[in-house]
Amino acid sequence: MGPNNAGKTAILDALRIALGGRGGAVFNEYDIHLHNENDNPKDSEGVCIEIISKEKMPGEWSEEIIGTLGDTIQQIPGGERGSFLYSVNLRVQYNWNENSESFEPSWDFLDINNESLSGGNLRSNLENYRSFLPIFYLEALRDVRNEFSSRSSKFWKRLLKDMNIPPDLESEAMKIFGALNNKLLAADDRFGDIVNTLDNTIKVTTRDTDGSLDLRIAPMNTWDLISRTEILLQNESEVPWLPLRRQGQGIQSLSVIFLFQAFVNHLLRELYHEESVPVLALEEPETHLHPHAIRTLFHHVNSLRGLKVIATHSAYFIQHVPLRDIRLIRFIDGETKIHSLPPNYTVEIPEFGEFDSIVENSDGLLSNTPGTLTVHGNLDDQTYRKLQKNIGIDQDRTDLETKLGELKEKSSKHIKDEELYKLETMAQRTRGEIFFANRWLLVEGQSDYIIAHAISYALNYDFDRYGVTVIDCKNNGNPATFAALARALEIPWLAVFDNDEAGKKYIQAIENRGIPNEEVNNRCCLHNSGDLEQQLVHDGLGLELRNILNNLGITNATNFDDEGLLDCLAKKKMDYARELATHIKDNPQIAREKITAFKTAIEKLQDLS
Amino acid sequence: MTDKLNISLQELTDIQRKAVDWNDEPLLVLAGPGSGKTRVLTTRIARILEQSPKKNFRILALTFTNRAVHEMKTRVANLVPGLEERAAIFTFHGFCTKILRQHGAHIGIKSNFEIYSRKADREALLEDVLKKEFKNMWPIDINLLKYIDSLKTKLIKPEEASIFLQENAGMDRQKSEHIGLVYQLYEEEMNKSNALDFNSLLYYTRQLMRRTELRGLYKTIYRYWCIDEFQDTNGTQYELLKQMAGNDFRRLFVVADDDQTIYEWNGAHVRRIKCLVNDFGCEVIQLTDNFRCPRSIVDAANRLMVYNVRRDKSKHPARATKVKSDDNNPAIQCLVHNCDEEEVSEIVNCLANLNPYERGKTAVLARTNALLGPIRKKLEEKKIPNSLMTRKDDFSSPQMRWIVACLKQINRPQNKRNLVKLNETFRSFTEVSVETEDIIMHAETELKDLLTVWIESILKDSLSCETKKVVDLLRKLNRDSFNPSREVKELIECLKPSEFKGDFKEDVSAWNRIVGEIQSAGKGVSLERFLQGMELRSKEPTPRQNSVSLGTIHSIKGMEFKRVYFIGLAQEICPSWHSVKNPNGGATIEEERRGCFVAITRASEQLVLSRAKKYNNWPKDPSQFLGEMGLYLASS
């Protein structure tokens, strides 16, 4: 997921090229990364796509797979010490070809050092490889006329072709259709006239023998019959049956996805292997669907067999996607960046035994294989130091220390399963759009949310236009989680909290997430004087607030002393905030001079990274 | 089942069928000449493929010549079209090349290694090493290569060489250490050049196969293994086979004929068949029917082999299946000439009297190439087309050698040794050349590759129009879009082979055959893979139509001719002087006898045995083999 032009489709295309071959998709000079406007794509390094397929654990791949991929398969260390995993690495390189004057792809399988295995029977090796990972692509604009065509659709046509009609029934049906055809033609004399006129065609074109011409209304043969198969829908019991192409766009679009499912269920094993894993590259499944349909669609797509790679910018669609499965794609500083929330982090290290006992005693935090060390959570200081101390004497210490440092740094962004689960339940299900934001402003409650929006409007910095999402953390989880999430996903963020016990605790909690003090001080600020309401009163908005409460029907509001006012505001947070927001929008002066914590934060947001 | 396979199965004899249908246990098929062993082998492969249509395992078949590989591939494809991809048919060296390319990275071998098959290339490399390292301290002795090869065959590493030579060859310390050092330097230089010689292919494959998991992988991918002409297996090849099979692999199917063991000089050994039977617990089937030769030849061959006392006593005599031959036209004829010149001219006269079609089905065989030389010369004089059957490591014409050097240069842009060769071959057919030292210097200072600089400086010379065109075409060759049947073909055509008689034309014919063979394994082969394939193949030209085949006993294995002239059947010629003087308890004579056996059993209709009373003016007795075959009386 990600905003437009971030590179989502390019990733799907890359998959299609690598797994689907020339017929899948093509890259041309417009897809080549250029460093600046004077760069010539012809001089570039081209495009390189690598697909790594490997066993999760030793013995996962069957003899069938190993036998079929025999010419390209590699053995890499993995699993227990001394054991190995099978892998197949495929590389596609797009380079400028002088002879054809275009970018040409070349496919190559790689050895364990990522060197080309240089050919062999490349075509058959590719075919074998792809038969285990057949790729299917459904584009955003799914046209049922094409997808359900008995001529052009790769799914529908294949399904229909596979249908078995018993020969008895077939000949019986053909007999009936023959008779029916004659009756229909005889029903109107004009059919005969048409035949006579068109017959001239034959007379003109044939030479030696007499040709003949006929009209056919009923199907001529079984394929002619089956290919007319059409899907009819009746939305409600009283309305007429209508063909699919007469249904709304949403139904049409959806039906194509289910057609794919039918194809996979009925034909995949027959066409490929028992172990084949279909790869579905699906673009914008949300097209033409209403929010509820989009939300339920995820469950349908998720239940499809195989590997699904879905490009979406629907906040509704991702509301049910597990957070670990999301890849956030953004274009930052001239570069497409991909962020995710991995469950663990791995570094490649030389094979040696000194870490084994630390791993064993790490209570599941660490795991290792020959050549890798993995941390399943945040690598704490104590364990980190233990690892450092136990680097083998024969090892390149500097190199390993750098690697451990990187591992620590990466793992400090780890978010635990429980926390993500809470986020999934509380925030993601209602606020899917936060993942599409360019910047986050974290505030405490809903009144902060409303007033922050009003101030931004008054300051001419419209949050929507600049992709800023304000998150009222108290209602959606807690601020520290959002700060950690922002950090992991590299979403620039700021926070404004109440200057009270709770606000200070939030900042402390953020610090506890391993975010350096300096950064916390930079990103988080408190209102100057107490909580939001105290700040408003302190900023001299008492009169306005009393009037607002009065208008809200609170008798005596105009006579409240400050304490009474604050009490009442605390009870009417949402109501007063809404009224005050209107007031701020009408009087931008307030936004510029009062509640300065918000004002400062909003100004800072504008060039925040 | 395909019709062709069905028919092929029907046509088998009971015993052949038994071999084809053999289960998953180890089997040795002892198959005499003309007993249909290739047919049994290919039908068996086809049978297993046909019976496992939904499976993806492959059948590994190893043999010794690319000719046999091609023949077997064609037959299997013909029997079970569409399934032939699962038949992995290789020469031993081809199989090792494949393994090293795919998995060599585990022991530091890059997949794009180059194969040095030519002795000259290896000598040049060794010479460079010796010059650089020892200057004038030791004489440059390229014969050291023999030691290196022998050590490598025994899997002795450079660091172990000295001790090994002292302990096993009784060599003194100084010399053994020198050889060890040379061996080490040679290996380092080969490594630096990312090159492997023939022995290294086996050496490193064995090293790689120490990995249990890799052996497991190969047993999974290749569920059945077939070995053709097992009697030719040398020690290293057999050890590799045993190593790969381990203790648990059973599905081994071996075809051999101990009577055709004629490569003892290359490490083959008659005893190895016995080792195989013991090591794998093979059952044995004997195919004794000879479908090829007339009865009198089969009888002569049977009589001959009885004299090999080391031969397995359980071996049955061959049985001729051909119907009785025409008594007026006996299948065996013996000729006696006064001297070798007379032998040559009379044999050539006989050949001249044959019609061209018959000549194409005729072979002249001899113990050594030396005997064939004069025949060839005479045939050339009389303009009788002939082809010498011999393994050729390199092309003969400078044009073809130049093209290969160019391809190698494109593949390895920084290879200086190759640039020298490229420059020299170019000079020998254009008389244009440049100083390679200058090229190397320029390339280094201008950061360009050697070939580009060479082309630039050649073009500065005043070239003929045609030469310029050739060099221009060379510029069109590139690594990424290499296609031997497109740009290279254009380049060859531009050199106008049709205007050259002899070498170049023959080389082009060999080139085309090699391209065809390599491409039959899959189109779109990369340049480095192509060069690897070319190095593994012999560069002899495809025999011209209706040409007489000339071959030594060792070069015509597995072949068949309607008419065979076997010349030089005199004592000390065949059997050789060496074997007569050093009988080695009879072992060397026995190998000579097997050679004779191989030669006579090539004939499917007629065998002419010829001898002269004098060779090089030395009187020679008739070959003892004539007597052993029961033919001496007939000839005297």
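Which strands form the open sheet of six in chain B, and in what order?

## The model and its conventions

This is a predicted model, in which local features need pLDDT of at least 70 and side-chain atom pairs count only at pLDDT 80 or more, while totals for chains, interfaces and linings use all residues. Residues are numbered from 1 along each chain as its sequence is written, and chains are lettered from A and ligands numbered from 1 in the order in which they are written.

The model scores ipTM 0.77 and pTM 0.81. Chain B has an average pLDDT of 89, and 97% of its residues score at least 70; pLDDT is the predictor's confidence in each residue, from 0 to 100. Where pLDDT is low, the predicted coordinates should not be read in detail.

## Two parallel sheets in chain B

Back to the opening question: the order is β3-β2-β6-β7-β1-β8 of chain B, with parallel pairing. At the edges stand β3 (87-91) and β8 (283-287) of chain B, each with a single partner strand, so one side of each has no neighbour in the sheet. On average, neighbouring strands of this sheet are turned by 20° against each other, direction ignored. Angles run from 0 to 180 degrees between N-to-C directions, with axes as lines fitted to C-alpha atoms, for helices over the stretch in contact. Strands (E, at least two residues) and helices (H or I, at least four) are DSSP runs numbered from the N terminus, and two strands pair if DSSP finds at least two bridges between them. Within the sheet, β2 (residues 58-63) and β6 (residues 222-227) of chain B run parallel and are joined by five bridges, with B:W225 as the bridge partner of B:L60.

Chain B also has an open sheet of six strands in the order β11-β16-β15-β12-β14-β13, again paired in parallel. Here β11 (332-337) and β13 (386-389) of chain B are the edge strands with a single partner each, so one side of each is left without a neighbour in the sheet. Four bridges link β12 (residues 362-366) to β15 (residues 561-566) of chain B in the parallel sense, and B:A363 stands opposite B:V564. Helix α15 (residues 340-353) of chain B lies across β11, β12, β14 (548-552), β15 and β16 (603-612) of chain B, at about 155° to β16(B).

## A buried alanine in chain B

B:A320 sits in strand β10 (residues 319-320) of chain B. This alanine counts as buried because it has 22 C-beta neighbours inside 10 Å; the cut-off is 20 or more other C-beta atoms within 10 Å, with 12 or fewer for exposed and partly exposed in between, all C-beta atoms being placed from the backbone.

Beyond neighbours within four places in sequence, B:A320 is in contact with B:N290, B:C293, B:P294, B:R295 and B:V298, where contact means C-beta atoms, placed from the backbone, within 7 Å. B:S296 is 24 residues away from B:A320 in sequence, with 8.5 Å from C-alpha to C-alpha.

## Helix α26 of chain A

Helix α26 (residues 596-605) of chain A has the buried residues A:A597, A:F598, A:A601, A:I602 and A:L605. Seen down the axis of α26(A), they fall within an arc of 125°, so they line one face of the helix; the arc is that of the directions from the helix axis to the C-beta atoms. Their cover includes β15 (439-443), α16 (446-458), β16 (468-472), β17 (493-497) and β18 (524-526) of chain A.

One of these residues, A:I602, has 21 other C-beta atoms within 10 Å. Leaving aside neighbours within four places in sequence, A:I602 is in contact with A:I455, A:S456, A:L459 and A:Y461. A:I602 and A:L441 are 161 residues apart in sequence, yet 8.4 Å apart from C-alpha to C-alpha.

Strand β3 of chain A has antiparallel partners: eight bridges join it to β1 (residues 47-54) of chain A, four to β2 (residues 74-77) of chain A and nine to β4 (residues 102-110) of chain A. Bridge partners include A:K54 with A:S87, A:P77 with A:F84 and A:Q93 with A:S106. β3(A) and β4(A) form a hairpin with four residues between them, and A:E101 in the turn has a positive phi of about 55°.

The contact between the chains takes 26 residues from chain A and 26 residues from chain B. On the side of chain A, α2 (63-68), β3 (84-97) and α3 (122-132) each give two or more residues, and α2(A) gives the largest share, five residues. By class, this side of chain A has six nonpolar, 15 polar and five charged residues. Here Ala, Val, Leu, Ile, Met, Phe, Trp, Tyr, Cys and Pro count as nonpolar, Asp, Glu, Lys and Arg as charged, and the others, Gly among them, as polar.

Terms used: Contact = placed C-beta atoms within 7 Å.
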